[in-house]
Amino acid sequence: MTNIYPSPHPLVAHKLSILRDVNTEPKKFRQLVRELGALLTYEATTDLQMSPIDVQTPMGTAKCHELAMKIGLIPILRAGLGLVEGVWELIPTAEVWHIGLYRDEKTLQPVEYYNKLPVEPTVSVCLVLDPMLATGGSAVATVDILKRWGVKRIKFVGLIGAPEGIKALQIAHPDVDIHLAAVDDHLNEKGYIVPGLGDAGDRQFGTA
Ligand SMILES: O=P(O)(O)OC[C@H]1O[C@H](OP(=O)(O)OP(=O)(O)O)[C@H](O)[C@@H]1O
Ligand SMILES: O=c1cc[nH]c(=O)[nH]1
Ligand SMILES: [Mg+2]
């Protein structure tokens with residue numbers, strides 16, 4: 001399938017290598033997650049729909065373009081929170097709708113604990129934000145929720161994906177583009193990505 005986009009950008013690779021390092025402390029880790037969120041979103045949004053607009057400059061009229069669609073950022077709590085700020089810097093008009101999911105430690109199945117989406121969709125494009133795509137359960141469940149909400153255009157923006165999670169998301173939602181900083185080797189017996197970066201939530205929030 002062709003909907004998986006690992007970033008080819010040297011800045012992304014450089015920042016990811018520092019992020020992975022077991023010695024990178026939470027403050028630096030949060031900064032890198034924020035920066036990577038912005039860089040990956042820049043790559044993920046090249047095909048957004050635009051509408052023409054005439055802008056008066058001090059020298060005349062410029063034929064310009066503006067975003068034509070309302071964009072929603074959907075961070076998956078907790079770890080997805082760290083990606084919001086960098087993306088919001090680029091798209092300040094985006095709405096942010098939080099989805100709370102945690103993985104059951106034994107079954108690795110996602111458990112929903114927060115969802116305050118209004119009845120009718122208020123956005124037409126959603127960027128699902130979560131650093132880790134491991135089994136894919138959390139991403140698939142979030143896209144399920146967004147499709148039930150009525151959103152048709154959905155992209156996943158994350159940092160590291162395991163082949164297992166990428167496959168699961170592709171099979172469940174082949175229409176969802178997957179933008180990542182890297183694709184890693186495999187999942188371990190506890191569902192952690194190897195080599196990965198450990199627990200993205202714990203490393204951001206200092207809870208390890
Ligand atoms: O692809 P999956 O197998 O579903 O795993 C990925 C999920 O696991 C992590 O969240 P976690 O459950 O640790 O919650 P947290 O962000 O609150 O730490 C991560 O942030 C993803 O949401
Ligand atoms: O490697 C992993 C897998 C799931 N969640 C994480 O935070 N890290
Ligand atoms: Mg976690």
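## Around ligand 1

Let's start with ligand 1: of the 23 residues around it, Ala-79, Ala-134, Thr-135, Ser-138 and Gly-201 come nearest. Here, a residue is near a molecule or strand if its C-beta atom, placed from the backbone, lies within 6 Å of it. Two or more residues come from each of strand S4 (71-77), strand S6 (99-103), strand S9 (132-133), helix H4 (137-149) and helix H6 (200-205). These elements are DSSP runs numbered from the N terminus, helices being H or I with at least four residues and strands E with at least two. H4 gives the most, with 3 residues.

The shell around ligand 1 holds 12 nonpolar, 7 polar and 4 charged residues. Ala, Val, Leu, Ile, Met, Phe, Trp, Tyr, Cys and Pro count as nonpolar, Asp, Glu, Lys and Arg as charged, and the others, Gly among them, as polar.

## About the model

This is a predicted model, in which local features need pLDDT of at least 70 and side-chain atom pairs count only at pLDDT 80 or more, while totals for chains, interfaces and linings use all residues. Residues are numbered from 1 along each chain as its sequence is written, and chains are lettered from A and ligands numbered from 1 in the order in which they are written.

## Around ligand 2

Ligand 2 has its own surroundings, including Met-132, Tyr-192, Ile-193, Asp-199 and Ala-200. Its shell divides into 6 nonpolar, 3 polar and 1 charged.

## Helix H4

H4 has 13 residues and reaches 18 Å from its first C-alpha to its last, close to the 18 Å expected; that expected span is 1.5 Å times one less than the number of residues. Among its buried residues are Ser-138, Val-140, Val-143 and Leu-146. Buried means that 20 or more other C-beta atoms lie within 10 Å of the residue's own, exposed 12 or fewer, and partly exposed in between, with C-beta atoms placed from the backbone. Just after H4, Gly-150 takes a positive phi of about 115°.

## Backbone features to look at

Most residues other than glycine have a negative phi, and most peptide bonds are trans. The bond from Leu-77 to Arg-78 is cis, with omega near -5°, and Arg-78 lies in the loop between S4 and helix H3 (81-90). Another cis bond runs from Val-194 to Pro-195, with omega near 5°; Pro-195 sits in the loop between strand S15 (193-194) and H6.

Leu-108 has a positive phi, near 65°, and is found in the loop between S6 and strand S7 (110-115). Leu-108 counts as partly exposed because it has 14 C-beta neighbours inside 10 Å.
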